[in-house]
Amino acid sequence: MAHQVVLLFMPLLYFPSAFGQVSYSIPEEMEKGSLVSNVAQDLGLDLKRLKSGRARIHFGDSAEYIELDKERGLLLVKERIDRETLCGETTLCALHLQMILENPIELFRITVEITDINDNAPSFESSSTRFEISESAIIGSKFVLEKAIDADIGTNGLQSYSLSPTNNFQLKLENQADGRKKVEMILQKALDREQQEKISLLLTAFDGGQPRRSGTMQIIVHVLDANDNAPVFTKPLYKATISENSPKGTSVITVSASDRDSGTNEQISYLISKNKLRLSDLFEINSATGEVVLSGGIDYERIKVLEIDIEAVDNGGLSDSSKIIVDVIDVNDNSPQMKILSKSDSISEDSAENTVVTMLSVSDPDSGSNGEVKCHISRDIPFKIENTMNGFYSLVTEVALDRESASEYNITVTCSDEGVPSLSSSVTLTLRISDVNDNAPVFDRSSYEAYIVENNTPGLSVFTVKASDADWNQNARLSYILEDSSVNGVPVSSYVSVSAESGVIHAVRSFDYEQLKEFHFRVRAQDGGSPPLSSNVSVRMVIQDQNDNAPQVLYPVQTGGSVLAEMVPRSADVGYLVTKVVAVDVDCGQNAWLSYKVHKATDRALFEVGLHNGEIRTVRQVTDKDAVKQRLTVVVEDNGQPSRSATVIVNVAVADSFPQVLSEFTDFSMHDKEYNDKLTFYLVLALAVVSFLFITCLLLIISVKVYRWRQSRVLCHSNLPVIPYYPPRYSDTLGTGTLPHVYNYEVCRTTDSRKSDCKLDRAASHNVLIMDSSSTGTMQKLHREQNILDEPDSPVQWRRIWLPTQ
């Protein structure tokens, strides 16, 4: 395969681009990936230049048949090229490409001529044709035959015809002005219908390619009686004009022919020869009048001249042919076509004047003034457009740029043709002006204060710090950084974190208001410039309390093994202070505001509890009918949302003496029953562990003695608020939180846990009795504080009794 290469370089002064031209010739139907040329070598370009310049091929309106291998600098066949599809009957068929390089911008024109190969055989529109010829036809009568069609050109195109057999007819070829051959069948021997009514002939068309290709058509001749004059057209060549885009039905021309015969033999029918591709779809002829009308759409840009072969046939089968040349008149029906060959999305504000920003390709397929194009842009922007060469425009900077005045330009390039009316196209280019890093980030506040409720989920988004930067792009891309500091000796990063991109502050841990009320830290905003600029802001984080702690009842103390009972004499009046429920809440504010309510009671009409002070008092006079054993369930509730609560059970004994209390609160029936049911098991178990229990009980009694002795010393010297111990005559001026007066009592045991009365110390006015179902002996005074017990003038008397649980 030989390639023809033509190099043409045209240096242009005062323009930062280079232009060149190179031409090649290749045959059609080459395989994909076939080599066209080494374009880098032909243009004298280095392979590195192809890569750095992002070399690419611009194809204009043509399909992408050729591709560029930048790695090797080669032009390769990308798609199979069919010359007939690409150019039709045009003799010179070529692809016009442009190779574009950037940094700096360079443009090279590449012309690839597509040569024809003999890949199409001649063919006829019809596989057979029929003639009716009178036997009286004179020798030398002509019969026009259908021309063969061969899509190839040159020597590969249609070259010759042959007719067989040649007993009655011979073939005559006549060259026409368009270079084609007029094919006629000449009668060389008179016909005799009586001898041969039907004659079968074979017309063969040959091209000149290697190998030679051919196509055939069968000719059937029916011999008729006398019709010795053939029709004759008034002109051997007709000419007409028609504008493109004319509507269907437009009259093109009217042809006529005459026949010297008479009668039915002089009747003539007109028809269009089927020897041109698609002409039968574009034109129709009235068989009776010879008027040719438009039946399809005509586009000047596709075809400019049409040749129509017509025939006139009489009823005897004799015919004549002629040709109509139709010139298509161009109409300005195409707007300029604009394509961006190379475009810069951004440009630095310190770029020099006449810097190329965008290169455009502009074309108009119309002809004459309809295809002449001029381009322009707005006058109020610092750019101009220049016509660098025919069909190519460059957008360049006209003056120095200033990003602070305008950070972005929307440049509309408008191209108009010279037609009437003028048609135009436009394209809008967006160009950003890049900046230098000359502005530090600025926070939207001088300082921040944020609030977060305690017991938060780790990772919770608390709030967002926001900064802005007057710069652009990377110089304004901010990152948020938590500066190193500590809170109570712990790094602040273990408390909070900051999102580098969004500035969102997240809680790293769950906060507890009771441990930490607030803390401070600093956040730095830093841009992405080189060198980077930054600024700081102070943040105060405030922890808000949550109602996460339920009230804690300090008094009365709930014990597991005994029942704590408050004694109320039957002579108690209305408002008698029975006891006081004391509770605390470690929360703050309204979450720690406590209220007291009676939830359940043996006799609701007998006792009430103070809503805010927790004091349990009698509502009415105690009578003999009131049960000795009274049980109250008091609910302590805080004021949080939602509220939390705690309950405490207060046992009250309504009696004047301890034996009455013991008879009501002590019931060992269940113990006796369990004892009888499991007697055998206990006997066996007792035999095994009796020794161990004796030693264990002895050690336990000694340990309890020591523990109570040490505990009493601790309580005497401790500053902690221990309840229920209160100093004598202690007064609560607000009436809430403590009892007005508190009395301690001596503790005694009964000599018999079932039957005996309590042994009380009569020297004291108040006593405490503790009873346990497992006790068998009497324990005398365990502890006495003389300065507390001796208070004979106390107006309120409390009796507290420890009774065995049932």
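**Entry 1: Surface and overall make-up**

I looked up the accessible surface of the chain and found about 42400 Å², of which 50% belongs to carbon and sulfur atoms. Accessible areas come from the Shrake-Rupley method with a 1.4 Å probe, and for residues only the protein chains shown count as cover. I note that this is a predicted model, in which local features need pLDDT of at least 70 and side-chain atom pairs count only at pLDDT 80 or more, while totals for chains, interfaces and linings use all residues. Residues are numbered from 1 along each chain as its sequence is written, and side-chain values use heavy atoms, with hydrogens and water left out.

Of the 806 residues in the chain, 43% are buried. Here buried means under 20% relative accessible area, exposed over 50%, and partly exposed in between (1.4 Å probe, protein chains only).

I found eight helices and 55 strands in the chain. Both are DSSP runs numbered from the N terminus: helices are H or I with at least four residues, strands E with at least two. Among contacts with a separation of 6 or more, 67% join residues 24 or more positions apart; a contact means heavy atoms within 4.5 Å.

**Entry 2**

I followed four strands that form an open sheet in the order β25-β27-β30-β29, with antiparallel pairing. Two strands pair if DSSP finds at least two bridges between them. β25 (337-343) and β29 (383-389) stand at the edges with a single partner strand each, so one side of each has no neighbour in the sheet. On average, neighbouring strands of this sheet are turned by 25° against each other, direction ignored. For such angles, axes are lines fitted to C-alpha atoms, for helices over the stretch in contact, and the values run from 0 to 180 degrees between N-to-C directions.

I then examined the antiparallel strands β29 and β30 (residues 392-397), which six bridges join. N387 has Y393 in β30 as its bridge partner.

**Entry 3: Disulfides**

I found two disulfides in the structure, each being a pair of cysteine sulfur atoms within 2.5 Å. C87 and C93 form one of them, with sulfur atoms 1.9 Å apart. The torsion about their S-S bond is about 65°, so this disulfide is right-handed. Both C87 and C93 are buried.

Another disulfide joins C375 to C415, S to S 2.0 Å. The pair links distant parts of the chain, 40 residues apart: C375 lies in strand β28 (residues 373-376) and C415 in strand β31 (residues 408-417). C375 is buried at 14% relative accessible area, and C415 is buried at 0%.

**Entry 4: Salt bridges**

I counted 23 salt bridges in the whole structure. The criterion is a side-chain nitrogen of Lys or Arg within 4 Å of a carboxyl oxygen of Asp or Glu.

E102 and R56 meet in a salt bridge (3.0 Å, N to O). The partners are 46 residues apart, E102 in the loop between β7 (94-101) and β8 (106-115) and R56 in strand β4 (residues 56-58). E102 is buried, at 7%, whereas R56 is partly exposed, at 30%.

R540 and E518 also meet in a salt bridge (2.5 Å, N to O). R540 lies in strand β43 (residues 534-544) and E518 in strand β42 (residues 518-526), so the pair ties together parts 22 residues apart in sequence.
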